Structures are given as C-alpha cells and as structure tokens.
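Subject: Structure handover

Hello,

Here is the structure we talked about. Please open it next to this message and follow along; my notes come after it.

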Amino acid sequence: MQFDFQEGDIVKLKKQHPCGAREWEILRIGADFRLQCLGCGHQIMVPRKTIEKNARELHKKP
C-alpha cells in the first residue's frame, strides 16, 4: 500500500513503541524520516524504506 507522506501527518506503525503507542507524527521527510512518538514524545530517525514497509494507517493533518 502506497501512502502520500507529508510533514505533520500521523502514521500508525506495525510495531509499538516501548511506551505502548503505535502512532507517530512525521516531523521531517527525506531519505530518512524524523518521527515523534505521540505517547511519550521520543524522537527517532528511521530510513524511508522502513516506514513505507511498516506503515499501517495514515491520518492527514487538518
């Protein structure tokens, strides 16, 4: 499934973060994505290919 990722969107991933949240806000897009956990606020950098493979849902920013 192809998603049209944009900064500010909320992406739901296959695996959950150790805090229990599965939803992440996209802060930066490029070869890597910078994501912020909506549960605890932790930020990570993840390769684009990993996000495209593990994304389950995408909620567009209002």
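I start with asparagine 54, which lies in helix α1, residues 48-54. Helices here are DSSP runs of H or I with at least four residues, strands are runs of E with at least two, and both are numbered from the N terminus. The model is predicted, so local features need pLDDT of at least 70 and side-chain atom pairs count only at pLDDT 80 or more, while totals for chains, interfaces and linings use all residues. Residues are numbered from 1 along each chain as its sequence is written, and side-chain values use heavy atoms, with hydrogens and water left out.

Asparagine 54 counts as buried because its relative accessibility is 19%. Buried means under 20% relative accessible area, exposed means over 50%, and partly exposed is in between, with a 1.4 Å probe and protein chains only. Leaving aside residues up to four places away in sequence, asparagine 54 touches Lys12, Leu13 and Lys14; contact means heavy atoms within 4.5 Å.

Next, the sheet. It is open, has five strands in the order β4-β3-β2-β1-β5, and its pairing is antiparallel. Two strands pair if DSSP finds at least two bridges between them. The edge strands are β4 (43-47) and β5, each pairing on one side only. On average, neighbouring strands of this sheet are turned by 35 degrees against each other, direction ignored. The axes behind that angle are lines fitted to C-alpha atoms, for helices over the stretch in contact, and angles run from 0 to 180 degrees between N-to-C directions.

The pairs can be followed one by one:

- β1 and β2 run antiparallel and are joined by three bridges; lysine 12 stands opposite glutamate 23 in β2.
- β1 and β5 pair in the antiparallel sense over four bridges; here the partner of lysine 12 is glutamate 57 in β5.
- β3 and β4 are antiparallel as well, over five bridges, and leucine 35 has isoleucine 44 as its bridge partner in β4.

The contacts of valine 11 include Phe5, Trp24, Ile26, Leu35 and Leu58.

There are two aromatic pairs. Rings of Phe, Tyr and Trp (its six-membered ring) pair if their centres lie within 6.5 Å; planes under 30 degrees apart count as stacked, over 60 as edge-to-face and the rest as tilted. Phenylalanine 3 and phenylalanine 5 are a tilted pair, because their ring centres are 6.0 Å apart and their planes stand at 55 degrees. For phenylalanine 5 and phenylalanine 33 the values are 5.3 Å and 90 degrees, so that pair is edge-to-face. This second pair links distant parts of the chain, with phenylalanine 5 in the segment before β1 and phenylalanine 33 in strand β3, 28 residues apart. Phe3, Phe5 and Phe33 form one aromatic cluster.

Last, lysine 61 sits in the segment after β5. Lysine 61 is partly exposed, because its relative accessibility is 49%. Lysine 61 touches Glu7, Gly8 and Asp9, again not counting residues up to four places away in sequence.

Regards
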